Amino acid sequence: MRNFSHTIFFNEMKQKTTILLFIVLALLNSFCSQQNISRQTPSLPIVTPMLDDTVTSEQAIRFLEAKIKNDPEDMISYNLLAGRYLQRLRETGSVEYLDLATRVVEASLKVLPEEHNSGGLGLLAEVEYASHNFTSALEHAKKLMTLDPGKVYPYQIMGDANLELGNYEKAATIYKNMIKLNDGSNSGNVAIETRLARLELLYGNFDEAQKHLVTALSIASKMPNITRENIAWQRWQLGEIAFSRGDYAKAESYYQDSLTTYPNYFRSCASLGRVKAARGDIQGAIKDYKQAVDIIPDPIFIAALGDLYKLSGLEKEANAQYALVEQIAKLNKLNGVLYNRNLAIFYADHDLKLEEAYTQAEKEYEIRKDIYGADAVAWTALKTSRLPEAQTAIKEALRLGTKDAKLFYHAGMIANAAKDKKTAIEYLQKALTLNPKFDPLQSTIAEKNLIELKSSL
């Protein structure tokens, strides 16, 4: 009787949470209208190359580095330099800049403590967020709210951290407060629109997410001091949405637009390779992934390159890339944190070090209970024959209604392992209908299992 009562209680709580989410999202849309954030989607801005400001940026960095060397008490220069390092991190993906930003922020807060240095504290929260230390970023964002009451940026950091920690209802409420506090500035509207896009994606609303991103891009394109990385990132995000729904031609177009804006932008180089692979151009995909890896040896890109070599029958080259994935992911402590989840999924996908993969995924999920953390636990639990845990975790991964072919694929394979053929077929079909070539190797496995399941009925 006790277990039955608990089941009723949790079902009621789940229903109330779902209702609350719909109310919060409705309020967000209402506040958008009140704050003049356009609900009429503007036209996509014309693609144009943007000025390469790398030299200017590096000169500014050298200037600020010299200033603090000559005056180690120059707190303002420390903060300006940390901001420059974080921008270079976004542009290059190199964790070297994250390490530099961390050191400079710590130096700033030694010169002047956080109670009198809200700029330094805000940068510390940004650094922690970029380092995947979301709990600390959240705590420091809360402090910022007391130091800078009425300002938007603490809410931005707090909302983002809650989102990464899986606190989706809290994140939505915080973004609502961002809308209320925003003074109508273009930068504020861009920040809000991109975050609303992220929320819509998590809830499976592709069209609404795209509208928010196009609106953000339209606003950003008219800002005189916007960075080319910001514009390129938004165009890349539009490509990611198109890829996620299996529209490969449009995805490729968006990635090309991003590269027109910012040539050699590492994210778009890699994603262009992924979409070429989905369209059957394996050699073109290899070329693009090589270019991305040359720019930044990201383990995710290297793993994808290895898979493409494997598809091409180049086993030796594939194994060399797979060995490099682990080497770089574990190169230092920071890499270990940043790529922990990706490495766990990589191990599970390739049936390598499965117990280690499960342990890594479970440990991270203890703190970061987002849907993709649940998915990592589910996938690694399945691969280590922990089927009941995999079934529980995949339910958590699917709880928002996110439309992601990999989530559906994992759900289908877990159902198949549980001998639930009907559910397995349903999820595998969902994955392959939504995004038929979501992954060069895993989509083939999904196709094979779906055929076998259908033939066994």
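Which residues is E364 in contact with, leaving aside its neighbours within four places in sequence? I looked this up and found N340 and R341, taking contact as heavy atoms within 4.5 Å.

I noted that the model is predicted, with pLDDT of at least 70 needed for local features and 80 or more for side-chain atom pairs, while totals for chains, interfaces and linings use all residues. Residues are numbered from 1 along each chain as its sequence is written, and side-chain values use heavy atoms, without hydrogens and water.

I placed E364 in helix α19, residues 354–365 (helices are DSSP runs of H or I, at least four residues, numbered from the N terminus). E364 is buried at a relative accessible area of 16% (buried is under 20%, 1.4 Å probe, protein chains only).

I then turned to cavities. A cavity here is a set of points, on a 1 Å grid over the protein atoms alone, where a 1.4 Å probe fits but cannot get out; lining residues have an atom within 4 Å of a point. Points are joined across faces, edges and corners, and the volume is the space filled by probe spheres set on them.

I counted two cavities of 30 Å³ or more.

Technical notes:
Helix = DSSP H or I, 4+ residues; strand = E, 2+ residues; numbered from the N terminus. Buried < 20%, exposed > 50% of the residue type's maximum accessible area, 1.4 Å probe, protein only. 1 Å grid on protein atoms, 1.4 Å probe; cavity = no way out; pocket = protein on both sides within 12 Å on 5 of 7 lines; lining within 4 Å.
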